[in-house]
Amino acid sequence: MRYVRLGSTGLKVSRICLGMMSYGTSTWREWVLGQEQAEPIVRRAVEAGINFFDTADMYSLGASEEVTGRLLSALFPKRDDYVLATKVFNPMGPGPNERGLSRKHIMASIDASLRRLGTDHVDLYQIHRFDPETPVEETMEALHDIVRAGKARYVGASSMYAWQFAKMQYTADLKGWTRFVSMQNHYNLVYREEEREMIPFCLDQGVGLIPWSPLARGLLAGTRGRGGEKRTVRANNDEFGDTLYTDDDFAVVDAVVEVAHERGVKPAQVALAWLLSRPGVAAPIVGATKLQHLEDALGALDLELTDEEIKRLEAPYRPHPIRGHS
């Protein structure tokens, strides 16, 4: 396993981050694995040297954090051996203050997440989305106070417009508060709109990229076909994923399949190898509900694409509307 700094920080993370949304309870999503089913996959990740794990309070409505906390505490000798990330923003109940990025919700959410995770701190506390209903100053001061209290070591953000992210970073700088060190953005071979503004801004600011949906919700791994064909349980139960991609994206998929066939590897490995080669990308967040999913991701670490192959993979891309910010 190779390790890199997360952005301009001194924090070292594995080049693959294991996404823990896949573990929790199937009552939330049919494809989600319980703790017993998840254990062999997470154990293999640990054995392979993965030290970076990402979850969120909303995944399985808290059960993902519970499973994550129990598995990691059992598989690692001590807390400092792994980097733990979670998120806040999405609804955790029916009340008007059980969502968003108000000081009230952030402060309640970090304590609830820590209880579920069974730890006194997270390494990376992320805002899951931008909250247009809360003043930026209120959010950034609350996050700063969480870091000062020792409940989080760093703070990060997820999908939003570059101007929104710039406003939040500028506010932190202006007030002397904690800045975001990472951006968890929607970025893969079939969705590259982030290359226009967000990624150049992050490179300029020393913000590390930890992209979500690196395989385009399975599109780049063959779980979806043209005409809306869905080949897995998850693909059949992913309403959000259905909004992200269309048949127009299969020209890119075809290029991935061709390169993979020529190299004798899986399409998923080609797609991940491309993402790992992109400037600023520290660790794509990979979901795995089967051991083979994880093995494919690990195999991508040793796959180096040629300049000619990269050009072939990128050539069919067509601009997209902005997707994934809500």
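The 39 positive and 44 negative charges of the protein chain have mean positions that lie 2 Å apart. This value, like those that follow, is computed from a predicted model.

**Overall dimensions and surface**

- The radius of gyration of the protein chain is 19 Å, which agrees with the value near 20 Å that a compact globule of 326 residues would have.
- Along the principal axes, the C-alpha atoms of the protein chain occupy a box of roughly 55 × 40 × 40 Å.
- The protein chain exposes about 13800 Å², and carbon and sulfur atoms account for 49% of that area.
- Of the 326 residues, 59% count as buried.
- Where contacts in the protein chain join residues at least 6 apart in sequence, 76% of them link residues at least 24 apart.

- Strands of a sheet pair through backbone hydrogen bonds, in either a parallel or an antiparallel manner.

**Strands 7 and 8**

- Strand 7 (residues 152-158) and strand 8 run parallel and are joined by 4 bridges.
- Within this pairing, Phe-180 of strand 8 is the bridge partner of Val-155.
- Strand 8 (residues 180-184) is mostly covered, with 5 of its 5 residues buried.

**Strands 3 and 10**

- At the other pairing described here, strand 3 (residues 17-19) joins strand 10 in the parallel sense over 2 bridges.
- Cys-17 stands opposite Ile-285, a residue of strand 10.

**Ile-285 and its surroundings**

- Apart from residues up to four places away in sequence, Ile-285 touches Cys-17, Gly-19, Asp-54, Gln-184, Ile-210, Pro-211, Ser-213 and Pro-214.
- Among these contacts, Cys-17 is also the residue that stands opposite Ile-285 in the strand pairing.
- Asp-204 is 81 residues away from Ile-285 along the chain, and the C-alpha atoms of the two are separated by 22 Å.

Definitions and conventions:
Residues are numbered from 1 along each chain as its sequence is written. This is a predicted model: local features need pLDDT of at least 70, side-chain atom pairs count only at pLDDT 80 or more; totals for chains, interfaces and linings use all residues. Side-chain values use heavy atoms; hydrogens and water are left out. The radius of gyration is taken over C-alpha atoms; the globule rule is 2.2 Å times the number of residues to the power 0.38. Buried means under 20% relative accessible area, exposed over 50%, partly exposed in between (1.4 Å probe, protein chains only). Contact means heavy atoms within 4.5 Å. Accessible areas come from the Shrake-Rupley method with a 1.4 Å probe; for residues, only the protein chains shown count as cover. Lys and Arg count as positive and Asp and Glu as negative; His and the chain ends are not counted. The place of a charge is taken as NZ of Lys, CZ of Arg, CG of Asp or CD of Glu. Two strands pair if DSSP finds at least two bridges between them.
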